[in-house]
Structures are given as C-alpha cells and as structure tokens.
Amino acid sequence: MSQLDEIEGNLLRKPTGEAQDALKRTASEYKPLHSFKLDREKSYQQQFADMYFLRLTKVKPAVERRAAEAWRNTIIGDEPAKKVERVLDIRQGELCWVSGTVYMDMALKPSILEDVSNDRWISAPMSNNKYYADDGSDAVTLEDESGRIRLVGSLLKGVILVTGCIVAVMGTENINGELEVIDLKFPDLPPQPERWAVSKTPTTKGKGHDKKIKDEDEDEEMTDVHQPRGSGGKIAIVSGLEFSSQDASHALELDLLLEYLLGEALDPTVQREISQINRLIIAGNSISLEERQPIGTDPTEKKKDQKKYGYDSSAYNALPSQLFDEFLSTLLPTIPVTLLPGAQDPANTSYPQQPIHPAMFSLSRAYTAPPASTETGWFDTVTNPWEGEIDGWRVLATGGQNIDDIFKYVGSNDRLGMMEATCRWRCSAPTAPDTLWAYPFQDDDPFVMHSCPHLYLVGGQPEFGTKTIKGEDGQVVRLIAVPCFAATKEIVLVDTETLDVSKVQITTG
Amino acid sequence: MEDYKQYLAQKILTEDWVVTYRFLSRALRVHVNTAKEMLYDFYKWQNDKRPDTLRATYMIYGTKKILVRQDEDVEMANPQASEAIDAPFSDIVPTYSLSLVSQEQLQESLSKYSKVASIHIYSLAPHSLKDLQILTDMARQAFKLPTTDDKVYGTIANPNAWKRERRGGTIPASSPLEPKIEVNTPVKQEVKPTAKPAAKEEPKINSKPAVPSVPTKTPTSTAPLKRQGSSGISQMFAKATMKPKKPATKATDSPTTSASASGAEDNKNSGAMSDDGEDDTQPVVDVKHEDGNARQARRDRQAELRRMMEESDEEEGSEKSVDNPEDDPMDEEPPPPDAEPELEPEPKVEEPAEVVSSTSGGRRKGRRRVVRKKQVMDENGYLVTIQEQGWESFSEDDTPAPLPKIKQQQQTVKSETTAKLKKGAAKEAGQGNIMSFFSKK
C-alpha cells in the first residue's frame with residue numbers, strides 16, 4: 001500500500017483528535033418563475049388547435065424577421081425570393097419563402113383522427129417506439145391557418161424537424177405541388193436576459209429581512225457586488241433516482257450519493273468542495289415505475305375485498321415514496337432541493353406536469369412553502385418544465401419528456417442536438433400537444449421560449465452530455481443532458497460562476 | 001480513547017455486525033472523520049493481533065485515468081452510446097469517481113485512478129462482504145439512530161435552511177374528529193342525561209372487556225341507542241336476562257352476567273349493526289316462550305341495573321364535568337354536585353326504552369331479545385338456539401308485534417324530545433353504518 005501514502009486526503013491513520021472544521025454550505029440565490037403553473041381551476045373543455053395558433057402568432061414574427069434578413073437579397077436564377085404570406089399563396093414555379101408550422105406525417109405516429117375513426121376511445125399507453133421510419137415514407141409538411149404543403153428536398157435530411165416547430169422555408173413549388181426547399185430558417189435563440197435579471201433583490205426567505213435590506217443597499221451601490229456572493233457555488237443535478245421497493249440494485253449508490261451530498265463521506269478537503277454545492281435539482285423520475293405495474297395488475301381478483309370507500313389500498317405501494325421522503329428529509333437540513341416531476345412520478349401525465357404534492361412527503365413537507373403563500377420553499381416542488389433563476393442564471397429544466405418525444409421523430413441519437421433544436425425553435429416542447437400530451441392552453445403557449453436560458457437541463461436521458469451553443473446576438477446556452485442515476489450512477493455539478501460542468505460517478509464493487 | 005475499540009470489538013467481533021463510519025459516528029457521537037480514523041485504527045490493531053479477522057471496505061474519490069474511463073464507457077454502453085463516442089456530441093468534462101470497494105479490490109481500483117483525492121475506510125465486517133448492498137441496511141440503521149445535533153457528525157450545515165411553521169399539527173387535527181362525534185350526539189338528542197353516556201362511549205369502546213366497567217357500559221348503551229335506533233338499552237337488558245334465564249333467579253349476580261351480556265351486546269353492535277331491519281321480523285317468532293317467572297326475574301334485574309346506573313352516573317357525572325365540559329354545549333355539567341334531580345331523568349329516559357319491557361308488556365322486550373338472539377346465533381350457538389325457542393312461545397301473546405313496537409317507540413320518543421324522534425326516524429330510514437352506503441349498489 002505504498003501508493004496510499006501519496007494520497008492527500010488519507011484518513012487511514014490513527015485518530016488525530018483534531019477538531020474538525022464545521023463546514024457551512026454556500027448560499028443559493030434562487031428565484032423560481034412560475035411560467036408553467038396551471039390554474040387550480042382549469043378547464044379541459046377547449047380545443048388544442050389554439051395552441052398551434054398561439055405558437056404560430058408568437059414565433060412567426062421572429063422567424064420572419066430572421067428569414068427576411070437572410071433572404072432579402074437572395075436571387076436564384078434571376079428570380080428574387082419573394083415573401084408569401086400564407087401557404088396557400090405559393091404559386092407553382094415561383095421562388096418564394098413562407099413561414100409556418102411543421103407537421104410530420106408519419107405512419108407510425110399515433111393519430112387521434114385514426115383513433116376516433118376506429119372508435120377507439122381509450123388512449124393507448126405512451127410507447128417508447130420511434131415514429132421515425134427509415135424508408136422515407138415520412139412526409140414533412142408545412143402548414144398555417146390557410147393550408148398545408150409538403151416539403152421535399154435533400155436539405156430536410158440534415159435538420160431535425162418535428163411536429164409543432166415553426167420554421168421559414170424558401171423554395172419553389174414543383175409540379176407535384178410540393179415545395180422544393182432550398183433553404184430553411186429557424187427562429188433561433190430568443191433574446192437572453194442578463195444574469196441577475198430577475199433576482200436583483202434577493203428573495204432568500206421570509207425571515208431574512210435584515211439581510212434583504214443589506215443586499216438592497218449593495219444593489220444601489222454596485223451591481224457587481226453580486227458576483228462574489230454566489231462565488232464558488234455549485235449546483236448538483238440528478239435525475240432518475242428511481243427509488244424502489246423491490247429493485248435494490250442501486251440502493252447502495254443512493255446511500256453513497258446521500259453521504260456525498262451531506263458532506264459526510266470523504267476527507268475534509270473534499271468535504272470543503274462539497275460544501276460549495278448549494279442546491280440540488282432533481283430532474284424527474286425519482287420513483288421507480290416498474291413495480292407499480294405488477295402490483296396494480298396482479299391482484300385484480302382480490303381487489304373487491306380490499307376496496308374501502310372506493311380506494312384500493314392494495315394497488316398502491318407507499319414504500320418507494322417513503323424511501324424518497326427519507327432521502328429528502330435527510331438532505332434538506334443541509335441543502336435546498338428543487339424537485340421536478342418526471343414521467344414516472346406521482347404527478348399529472350400531461351405537460352406541463354404540475355408539482356408533486358407535498359403531502360407525498362410526510363417528513364420533508366415541513367420544508368416546503370406553506371400552501372397558498374408566495375414564498376419559495378426550501379424544498380421547492382415545481383413544475384416540469386420549470387423555469388427559474390439560480391444564482392442569477394436563467395435556468396430551464398425539464399424532466400426529459402419533451403426531448404424523449406422529439407427523439408421518436410428523428411433517426412439520430414443526438415440528444416444535445418435535440419435540445420439545441422428546441423432552443424433554436426424557441427419552443428421547449430414543440431410536439432405537445434400532438435404526441436406529447438399537454439394541457440390545452442387557451443391564452444398562452446408557455447412552451448414558447450420568450451427568453452433564452454443560460455442553463456438548459458433535461459433529465460432522464462440515457463447518458464450524460466453537455467455542450468455550449470451560441471446565438472447570433474451573443475446568447476450562450478449551456479445544455480446538459482442529465483443521465484438517469486439508476487442506470488449510470490452519475491450526477492452533474494455545474495459551477496454557478498462559470499457554468500462549467502463536471503460530473504461525479506459513483507461506483508461500487 | 002480506547003473505548004471505541006471496545007465498542008467495535010463488541011459490535012463487529014461479538015455481535016457480527018457490519019459497522020460503517022456513519023453508524024459509528026452516530027453511535028459514539030463523534031465526527032464522521034474521526035469515526036473513519038477509528039475504524040482504520042481498530043482495523044489495523046485487530047489485524048495485527050490476528051490477521052484477517054476483519055474485512056474492510058474502502059471509499060475512494062478522485063479522477064480516473066482517461067483511458068480507463070473510455071474503456072469503461074464502451075463496456076457499459078449499448079451500441080447507441082458507442083456511436084455517441086464516435087461523434088463527439090458532448091463536451092468532455094472532468095469526471096470524479098466515488099468508489100466503494102472491498103479490500104480485495106482495493107489495489108485494482110486504485111490502479112484505475114490517475115489521482116486519488118481521498119480514501120478512507122467505509123465499513124468493517126468480520127467477514128468479506130459478498131454483496132456490498134448489505135451496507136444499505138447499515139445505512140438505514142444509521143438513519144434510525146437518534147440524531148440530535150448534526151454539528152457533531154460533520155454534516156455540512158446550512159444556516160439558511162428553514163421550515164415552515166406547522167399550523168395545527170397532525171395530532172390535534174385528527175383528534176378533534178373523535179370528540180366531534182361526542183359533541184354531536186348530545187346536541188342531536190337534546191336529552192340532557194344522555195349526553196354523559198354519549199361522552200362515555202369512547203372509553204367504553206376502548207375498554208370493553210373490563211368487568212368493573214359494567215356500570216359504565218350500561219349507561220353508554222344509550223349512545224349506541226341513537227345509532228342503532230332506540231333498541232340498544234333494552235337489548236342489553238334482554239340479553240342480561242337471557243343469560244340468567246337458565247339459572248332463573250340470578251338477578252343478584254348482576255356484575256358478571258351483565259358484563260358478559262354487555263360484552264355480547266358490544267359484539268353485536270360491531271357485527272350486526274346493519275341488520276336493523278331484521279330485528280322487526282324475527283322477534284315475532286322468538287318471544288313466545290317467555291313465562292311469568294322469567295319476566296319477573298327480568299324486571300328485578302332491570303331495577304337492579306337501573307339502580308346501579310344511577311349510582312355510577314353520579315360518579316361518572318362528576319368526573320365528566322372535570323373531564324370534558326366543552327363537549328357539552330348545554331351546561332348540564334356544572335350542576336353535578338346537586339345532580340340527583342338531573343341525573344334522575346337519565347334512568348327515566350332509559351326507562352321508556354325499557355319501559356317497553358316493563359309497562360307495556362313483553363312485546364318489546366321480546367323483540368329485543370330477538371335481536372340478541374341473532375347475535376348469539378352469530379357467535380356460536382347451539383344452547384343459545386334452544387333458548388330462543390323458549391322465547392318464541394311467549395311472543396304468541398303479543399303477536400301483533402311489529403306495528404305496536406314502532407308506535408311505542410314513537411311514544412317514548414315524543415315523551416323525551418323531538419330530537420329523539422329524528423333519531424328514531426333515522427333508525428327506520430336505515431341510518432347507521434356508512435359502509436352500508438358503499439356496499440352493493
């Protein structure tokens with residue numbers, strides 16, 4: 001064990017009896033934006049068509065501006081590219097450009113029209129199958145309120161397109177009534193707010209009034225004072241904890257993760273590093289789904305006996321959520337937690353998922369904000385997708401369903417590319433409401449990105465990935481695909497100053 | 001200082017436990033880092049004395065060699081992931097590895113690291129752990145140990161953490177539900193005396209089997225009265241009389257018999273509550289066989305019981321006034337000292353229920369006995385069944401049973417209060433168990 005001597009943080013020694021430093025966690029500046037919160041009294045009477053209309057009217061100006069810039073002086077074969085207002089106005093043989101909503105016509109894609117015409121009224125469970133067929137039978141069409149035209153051309157193979165994204169295309173209509181696409185433009189990244197745009201006045205908590213005043217003073221004097229405030233902080237992001245009562249294959253890793261985040265594992269030097277982690281974001285799928293199905297389906301015969309007041313207690317296994325609750329309640333005294341629901345979590349299925357109810361967490365509940373208060377809880381159960389500002393950075397986080405659904409449309413496996421595409425489309429969940437179930441919004445399509453995030457997190461992904469994308473107006477977005485912890489045993493750390501990413505992998509055995 | 005060695009020897013060598021640093025720190029109330037060192041010290045000390053008596057697991061943290069990491073990726077990954085490596089979609093980021101390894105694998109694991117930032121013993125066990133998942137059980141143990149002050153253990157403190165104040169904790173929130181029932185019953189009944197028995201209902205439920213509580217139980221049956229329809233008390237008497245039936249003149253040994261009877265009634269209450277309707281039909285047949293002797297005995301018993309109830313009520317009444325005066329919206333409680341006049345009415349109130357038996361003949365009693373019969377049959381009864389036959393002959397006298405019963409009930413009800421009327425009506429409407437609402441529909 002000669003090697004061991006070289007290790008700095010070596011605790012393989014006699015107890016030294018040294019007093020241990022009491023470590024304190026750096027503070028987290030945190031301001032959630034309730035962009036995806038639904039009214040308590042929500043109606044499901046309305047049609048979904050409004051969402052497409054809203055999206056088109058909102059994004060169209062942006063994409064047209066960009067297209068006009070790009071194609072203003074475009075002359076192909078002596079013919080200038082002319083803007084056409086509506087899809088129906090396209091004349092055969094004329095070079096023109098038009099903007100509209102993409103609709104993918106795919107044989108494998110579930111279709112509500114088909115369901116209705118076949119008299120199927122029970123919606124099929126969502127499958128993980130791809131809609132994408134490699135045989136070229138999938139058709140890309142562009143539509144607006146007036147009509148629809150099929151897009152063709154080799155250019156389309158090189159870009160990701162899904163139902164619901166808004167694009168501008170330039171080309172000519174060919175003899176088959178299809179538009180030969182010469183060029184294609186996305187609305188591209190929306191304007192990006194400055195850092196500390198929302199949380200200029202820190203709203204740490206209701207009790208810190210004196211601190212608040214102090215910070216406000218600082219604000220007046222110099223804005224830069226904020227920089228050191230969050231300095232050296234890190235955000236930990238994890239997804240797919242998948243607490244389970246039956247599958248204990250990653251239970252030990254969960255324990256180690258807990259000990260790591262608590263700062264109990266490892267040696268004082270590393271513990272000091274860990275104390276810089278000032279927030280944990282749990283991006284979906286905290287509770288394992290597998291075991292719920294057998295329990296729900298098996299005892300169908302016994303059900304009658306155990307039903308009391310219409311509640312079948314045998315169909316519900318509380319253990320996973322209790323384990324999760326224990327995990328959280330151990331962490332919460334030392335680190336604030338933002339919890340997004342995911343596809344497997346006990347929240348509504350349709351996008352945007354609403355916060356997991358605090359009643360699920362009997363131990364951790366005390367850390368949530370009191371009901372009907374505007375305060376932000378130390379333990380914040382939020383929507384999916386969720387938008388907020390953490391240490392001044394605008395963060396957009398989702399549980400991953402939006403990307404998973406886009407993944408079904410395309411042949412590639414480039415999750416980061418899909419994430420980038422959603423930013424460039426200015427739409428975080430374009431496939432809602434077509435194939436991604438969504439609430440039928442009437443007045444506003446919250447999936448339209450009005451402001452560009454600095455940090456865009458997507459949970460529940462098969463593997464870790466990160467990259468930075470840049471916009472034309474100087475926007476910089478850090479994309480992070482957060483892997484499923486149960487599968488990869490990885491968590492992601494983001495530096496709150498530089499937005500640099502690192503990851504921690506936990507292995508056993 | 002050597003205490004921990006003793007503790008560890010005890011736990012690991014004697015009790016065959018797996019001890020993690022976290023568990024040790026909780027158990028001895030020391031900092032986790034100290035606990036890690038203690039584990040190592042003990043490990044070294046013990047293995048120097050007797051090699052291989054202890055097996056350790058180590059926790060390593062650091063950066064792994066990049067080559068190794070890629071290899072791992074390929075191994076672990078499905079074909080899709082290896083594609084991803086070919087096309088560098090993602091930035092390469094620093095990866096830290098946190099490994100938990102057994103001592104056998106320690107060297108191998110260390111060789112995978114390019115830089116180890118930290119290492120310590122995670123756990124000690126008297127044998128090598130085949131499956132490290134066993135450690136999760138230990139982790140849960142540590143979780144269960146009472147943790148009073150996190151500062152001792154070295155958990156990173158967060159001064160900003162805050163909890164919301166709980167308005168109305170769970171316990172106060174749930175407990176009002178039970179009292180509420182009590183509060184309601186007196187209000188509905190609007191019969192002053194019954195309020196007390198109603199309040200007693202709860203204790204009764206809790207302490208059914210206690211023999212000395214017999215007197216308490218008897219009055220309480222006025223509360224069930226309300227729910228079952230006013231048959232409760234007299235049922236009880238019916239039972240009480242039935243039991244002594246064979247011994248015939250048992251009126252004096254009331255404490256025990258009435259105890260058993262009331263116990264039986266309790267069972268009946270829980271079991272046959274929803275059967276109200278049947279009470280009316282069966283009695284007709286059953287009540288027949290009663291003879292004068294039996295009736296006499298029954299009356300004696302009832303008188304006796306009534307006396308006992310009065311006494312116990314006086315006691316109980318004074319207690320009650322102390323216990324839960326708020327329960328009762330109508331201030332009957334204050335007067336308990338001079339309660340005699342007030343308490344008097346209570347027996348009277350019950351009397352009508354019984355009076356049925358005593359004044360207007362055996363009809364009602366007969367019916368009630370029938371109710372009791374059912375119960376007896378439910379439980380086990382051969383002998384009991386025989387008794388039923390005896391009653392049947394008696395009912396012949398009063399064959400027109402069902403109708404008069406209702407009338408009489410109503411009379412008594414009226415004589416008491418209108419509220420009781422509601423109660424009676426409710427009973428006929430089948431009020432009672434909420435389960436009946438959910439059952440077969």
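Chain A holds 12 helices and 23 strands (DSSP runs numbered from the N terminus: helices are H or I with at least four residues, strands are E with at least two). This is a predicted model, where local features need pLDDT of at least 70, side-chain atom pairs count only at pLDDT 80 or more, and totals for chains, interfaces and linings use all residues. Residues are numbered from 1 along each chain as its sequence is written, chains are lettered from A and ligands numbered from 1 in the order in which they are written, and side-chain values use heavy atoms, with hydrogens and water left out.

## Exercise 1. Chain A as a whole

Task: state what share of chain A is buried, and what share of its contacts join residues at least 24 apart.

Solution. 
- Start with burial: 57% of the 509 residues in chain A are buried. Buried means under 20% relative accessible area, exposed over 50%, and partly exposed in between (1.4 Å probe, protein chains only).
- Then take contacts in chain A between residues at least 6 apart in sequence: 74% of them join residues at least 24 apart. Contact means heavy atoms within 4.5 Å.

## Exercise 2. Helix 1 against helix 3 in chain B

Task: describe how helix 1 and helix 3 of chain B cross, and which residues make the contact.

Solution. 
- Two packed helices are described by the angle between their axes and the distance between the axes.
- The axes of helix 1 (residues 3–14) and helix 3 (residues 32–49) of chain B come within 10 Å and cross at roughly 75°. Axes are lines fitted to C-alpha atoms, for helices over the stretch in contact, with angles from 0 to 180 degrees between N-to-C directions.
- The two helices of chain B are therefore roughly perpendicular (65 to 115 degrees; under 35 is roughly parallel, over 145 roughly antiparallel, the rest oblique).
- Helix 1 of chain B contributes Tyr4(B), Lys5(B), Leu8(B), Ala9(B), Ile12(B) and Leu13(B). Helix 3 of chain B contributes Met38(B), Leu39(B), Asp41(B), Phe42(B), Trp45(B) and Gln46(B).
- These contact residues divide into nine nonpolar, one polar and two charged. Ala, Val, Leu, Ile, Met, Phe, Trp, Tyr, Cys and Pro count as nonpolar, Asp, Glu, Lys and Arg as charged, and the others, Gly among them, as polar.
- Helix 3 of chain B is mostly covered, with 14 of its 18 residues buried.

## Exercise 3. Backbone exceptions

Task: locate the cis peptide bonds at Pro352(A) and Pro433(A), then examine Arg426(A) and Asp16(B).

Solution. 
- Most residues other than glycine have a negative phi, and most peptide bonds are trans.
- The bond from Tyr351(A) to Pro352(A) is cis, with omega near -15°. Pro352(A) sits in the loop between strand 15 (337–340) and strand 16 (379–381) of chain A.
- Ala432(A) and Pro433(A) are joined by a cis bond, with omega about 0°. Pro433(A) is in the loop between helix 11 (415–425) and strand 19 (455–461) of chain A.
- Arg426(A) is not a glycine, yet its phi is positive, about 60°. It lies in the loop between helix 11 and strand 19 of chain A, and is buried at 14% relative accessible area.
- Asp16(B) also is not a glycine and has a positive phi of about 60°. Asp16(B) is partly exposed, at 45%.

## Exercise 4. Thr57(B)

Task: is Thr57(B) buried or exposed, and what does its side chain meet?

Solution. 
- Thr57(B) is in strand 2 (residues 55–64) of chain B.
- Its relative accessibility is 2%, so Thr57(B) counts as buried.
- Its side chain makes a polar contact with the side chain of Ser123(B), at 2.6 Å. A polar contact is a pair of N or O atoms within 3.5 Å; within protein, one must be able to donate a hydrogen and the other to accept it, and residues adjacent in sequence count only if both atoms are side-chain atoms.
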